[in-house]
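Subject: A structure for you to look through

Dear colleague,

I am handing over a structure that I would like you to open beside this message. Please read the notes below with the model on your screen, and take your time over the terms.

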Amino acid sequence: MTAAESTAAASPVLARGTVLGYPRPDGRVGIRDVVAVVYLVECARLVADAVAAGRDDVHVIGFGGCYPSAYAQRMLEMLCTHPNVGAVALVSLGCEGFDREQLADVVAASGRPVTTLVIQQAGGTRATVAAGRAWVDDVRARSAAARTVPVGLADLVVGTICGGSDGTSGITANPVVGRVFDRLVEAGGTAVFEETGELIGCEHHMAERAVTPELGAEIVARVEKAAAYYTAMGHGSFAPGNAEGGLTTLEEKSLGAYTKSGAGPIHGLVTPGQLVPSPGLYLLDVVPEGTPRWGFPNINDNAEIAELIACGSHVVLFTTGRGSVVGSAISPVVKICANPETYRRMSEDMDVDAGRILEGRGGIDDVAGEVLDLLHEVAGGRPTASEALGHQEFVLTYKSSEPTGPSCLPTVR
Amino acid sequence: MSARATGPGVALPEQQEPLEPLDVTLILLVDGDDVLVAARDLYAGAHRTSAGGTVVVREPVRLGHKVAARDLAKGERVVRAGMSIGSTTAPVRAGGWVHTHNLASDYIATFAHRGGER
């Protein structure tokens, strides 16, 4: 039995419709209780991996670079104080540029147990691994959190991403997520969609959905920024598999991706590492401001999933046509398969068969209802397919990110 | 140029299960769209659309790919789900496969995927 399964078994379902989560000092509720082991430079990664080895509820995240990065600092602060995280072990080599003291201070201020293991001070690899494993054992024995507070849709922040899209994504799984988002926000919950570079061609339609004209203008400007950024990269967000799957142009891919956002008003726009102010529907702008400096805004799906989680997402709805298998550290990933053939081929990796819509075995509302039920169960501890398979991917690279201001967050007073 | 992504010769099995006469295999997403989306791998021949009509598909088309709902001239804007997805770079007859060999982004041409897109 995996840790995730034991969590599910221990999760008391009080009555139909009521599941429990982990209360956190900041008032948010966690749906997982993860110990995060955080390497602060690639040189400390093996030690972090060894500290976490063999424990499904101990996840490795971190940053590989030796030079300081305000973005990485912010991302790791948000991730280490995420409601799904209960305790944090930082693993430092000792000479890297990351500000480990500040990160430890932020975690301690959040009321979570935190330790900092410095390999150069602890006596090398073996001694640091032993100290780290002992600390994790101890923190689990002393302060394991319990599911004691009810979690409903209104308590959840749900992110969405599409990966491995094909011609079916925009007509099955993505509209399903859009319907889920409409109902989630109606229920007082919070939804986050991305990304500006994959919404090129949809900006004016999005602007009409913005709750204020100022927010609409920001959305248009940020999509234009994304277009300029990707043009400088010489390559749009379009992979060979997209074309093989029937998508011909970037705007066609955008149109499909856009349907994940549903039909409701757009309440605001945030950037990576900026906590979404609940409730409502928010656009995550993952593209940095200014001259492109660090390369592609996100090098793969997991870099983007990490950003959705850093914005507060308790769970991420991942739609795929070609068949992605990834999960994530920190928050569960729900895999919604758009293509019925892919589902048959890779069903163990998928949580929801949205491609059945194409075969007349259900409509968008039916599948959206299934996803909402599943969200509820996952919030109560039911492992997703990627969790059960042990997927805990995490990617964080150099980037710049500036928090948005009042024009992007008109509902915040 | 990738033949796999751009050529008409998609590899399909020799035989296709016979369809029920009323099976809808082409989806019209929004009334007035210029393209229909294949709901399964299709052989050339007559296929029912979700709008209630029939379109003669001119070549094998894979699940998720598009065929023209009407004759399209070169340089026409192509609408899918009510939104433009680019312009034709060659004429396409009704029922013809619409993909990178005859449709290009006119939003930002440099977004083309090298090898896959052209």
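I330(A) sits in the loop between β12 (315-320) and β13 (333-337) of chain A, where helices (H or I, at least four residues) and strands (E, at least two) are DSSP runs numbered from the N terminus. Its phi is near 75 degrees, a positive value in a residue other than glycine. With 25 C-beta neighbours inside 10 Å, I330(A) counts as buried; a residue is buried if 20 or more other C-beta atoms lie within 10 Å of its own, exposed if 12 or fewer, and partly exposed in between, with the C-beta atoms placed from the backbone.

Please keep in mind that this is a predicted model, in which local features need pLDDT of at least 70 and side-chain atom pairs count only at pLDDT 80 or more, while totals for chains, interfaces and linings use all residues. Residues are numbered from 1 along each chain as its sequence is written, and chains are lettered from A and ligands numbered from 1 in the order in which they are written.

A positive phi also turns up in chain B, where A81(B), although not a glycine, has a value of about 50 degrees. A81(B) lies in the loop between β6 (77-80) and β7 (83-88) of chain B, and it is partly exposed, with 19 other C-beta atoms within 10 Å. Another backbone feature belongs to chain A, where the peptide bond from E194(A) to E195(A) is cis, with omega near -20 degrees; E195(A) is in the loop between β9 (190-193) and α8 (203-209) of chain A.

Chain A is assigned domain 1 (34-144) and domain 2 (152-407), with bounds that come from an automatic or database domain assignment. The centres of these domains, taken over C-alpha atoms, are 28 Å apart. Their contact takes 18 residues from domain 1 of chain A and 17 residues from domain 2 of chain A, two residues being in contact if their C-beta atoms, placed from the backbone, lie within 7 Å. On the domain 1 side, α3(A) gives the most, with 6 residues.

How do α3(A) and α4(A) lie to each other? Their axes come within 9 Å and cross at roughly 25 degrees, the axes being lines fitted to C-alpha atoms, for helices over the stretch in contact, and the angles running from 0 to 180 degrees between N-to-C directions. The two helices are therefore roughly parallel, since angles under 35 degrees count as roughly parallel, over 145 as roughly antiparallel, 65 to 115 as roughly perpendicular and the rest as oblique. In this pair, Q73(A), L76(A), E77(A) and C80(A) of α3(A) meet Q102(A), L103(A), V106(A) and V107(A) of α4(A).

F98(A), in the loop between β5 (85-92) and α4 of chain A, is buried, with 25 other C-beta atoms within 10 Å. Leaving aside neighbours within four places in sequence, F98(A) is in contact with L40(A), V41(A), F63(A) and P68(A).

Finally, chain B has 1 helix and 9 strands, and buried residues make up 37% of its 118 residues. The contact between the chains takes 28 residues from chain A and 30 residues from chain B, and on the chain A side α11(A) gives the most, with 4 residues.

With best wishes
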